[in-house]
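Here are a few notes to read alongside the coordinates.

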Amino acid sequence: MSGTPEIFEGGSPLEDPVILLIVQMFVIIGLCRVIGVIVRPLRQPRVVAEIIGGILLGPSALGRIPGFTVTIFPSSSMTTLSTLANIGLIFFLFLVGLELDPGSLRQTGRYAMAVAIVGMAFPFGLGVATSYALYREMGVGSTSFGLFTLFNGVAMCITAFPVLARILTERKLTATKLGQITMSAAAVNDVAAWVLLALVVALLKAGSSPIVALYTFLCAAAFVALMFFPVRPLIARGVARFSGYDHIAESVVLGIFLLVLGSAVFTEMIGIHAIFGAFVAGLVLPKESGFTHALTEKLEDFIVHLILPCYFAISGIKTQIAALDSGLAAGMLVLVIATACLGKITGSFITARCIGMDTRNALTLSVLMNTKGLVELIVLNIGLSTGVITVQIFTI
């Protein structure tokens, strides 16, 4: 920012990158809030409004207004906005890991594991089956069929844990057996999906060299082991010594922030996406007492309400509904939606009935496990940025 009042000299204030970024955030957040008010009577979670807002900001809607994209979202500013959005994404995945409590599996472990495994296997298998049609008909460039198939299977089988957690909390279902099984199954599903996604990214970045991929997996395994064994007990002792039930010492907060950023940098350097490191950093933090709640309160409003909507805007700008310009593309859209929903609901419902749930609860659990949202969007953005999928497949 300069001290020169450009507006009085005939210049445009939007030529200042800081002012432009602030205006972009104002437009993004304002639009998402307006849409949130509109969809609230439909009892849709906030993430739905943010996804719709992101699409509307792209070339499919407001981007068609002459001068809108050039003025508000010029290509020269996208690097700055994308960097801010990815920093927010890193801390959001840290919050997702922070919300996951591995100890909760002890109460519903057997049932949750069964729902998670079968609930992933069905849509994963159907995703693999549809990969051939997508790969052959839509075209994915130089990506190998094997990597594309693995990525498509992962994208189909994920449950959006953060959105699901908020739905269960809003409906006061977290204390019920149904809520506990669903939350635990979604947690297992989430962790497994991120591991599979890390595998896809590592193989993609390794290219044709199996040695590079092996080094990546060994480094990732060593990182996870280091975080769960030496680091986790040290953090627990530090938290117990310097923090109380309802407050966290400044030094502890700073140390956690550095841990998140350091973990993100390390996993990015070894060939896995930075968000995987942030996710693991959240997993290893202690879940006892009020520590998790206090830390979440410090971060959630700033990250989720102010920074994360920028990620939806970036995704919306990449989404081109006009790319679905043929009967084939529309058919593929229907196929993908049907495959993803049918596989998740069918697999979860059958498993729920097998473990003794009545039809109503089994159906409720299966629909909840089919929750989609930000996590899928993150996966698709990673696929687009790494070249696994094209803009047309991203839009589908």
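1. Keep in mind that this is a predicted model. I'd begin with threonine 351, which sits in helix H13, spanning residues 327-354.

2. What does the side chain of threonine 351 do with its polar atom? One polar atom of that side chain is 2.7 Å from the backbone oxygen of glycine 347. Setting aside neighbours within four places in sequence, threonine 351 is in contact with Ala114, Val115 and Val118.

3. Now for the surface. Ile211, Leu214, Tyr215 and Leu218 make a nonpolar patch of about 420 Å². Tyrosine 215 belongs to helix H9 (residues 210-242), and with a relative accessible area of 54% it is exposed.

4. On to the rings: the count is six aromatic pairs. In one of them, phenylalanine 68 and phenylalanine 73 have ring centres 6.0 Å apart and planes at 55°, so this pair is tilted. Both partners are buried, phenylalanine 68 at 16% relative accessible area and phenylalanine 73 at 3%.

5. Tyrosine 132 and phenylalanine 145 also pair up, with centres 6.4 Å apart and planes at 85°, so I'd call that one edge-to-face. Tyrosine 132 is in helix H5 (residues 105-138) and phenylalanine 145 in helix H6 (residues 145-157), so the pair ties together parts 13 residues apart in sequence. Tyrosine 132 is partly exposed at 48% relative accessibility, and phenylalanine 145 is partly exposed at 35%.

Notes. Residues are numbered from 1 along each chain as its sequence is written. This is a predicted model: local features need pLDDT of at least 70, side-chain atom pairs count only at pLDDT 80 or more; totals for chains, interfaces and linings use all residues. Side-chain values use heavy atoms; hydrogens and water are left out. Helices (H or I, at least four residues) and strands (E, at least two) are DSSP runs, numbered from the N terminus. A polar contact is a pair of N or O atoms within 3.5 Å; within protein, one must be able to donate a hydrogen and the other to accept it, and residues adjacent in sequence count only if both atoms are side-chain atoms. Contact means heavy atoms within 4.5 Å. Patches are made of residues with over 30% relative accessible area and no salt bridge: like charges are joined within 9 Å, nonpolar side chains (Val, Leu, Ile, Met, Phe, Trp, Tyr) within 5 Å. Accessible areas come from the Shrake-Rupley method with a 1.4 Å probe; for residues, only the protein chains shown count as cover. A salt bridge is a side-chain nitrogen of Lys or Arg within 4 Å of a carboxyl oxygen of Asp or Glu. Buried means under 20% relative accessible area, exposed over 50%, partly exposed in between (1.4 Å probe, protein chains only). Rings of Phe, Tyr and Trp (its six-membered ring) pair if their centres lie within 6.5 Å; planes under 30 degrees apart count as stacked, over 60 as edge-to-face and the rest as tilted.
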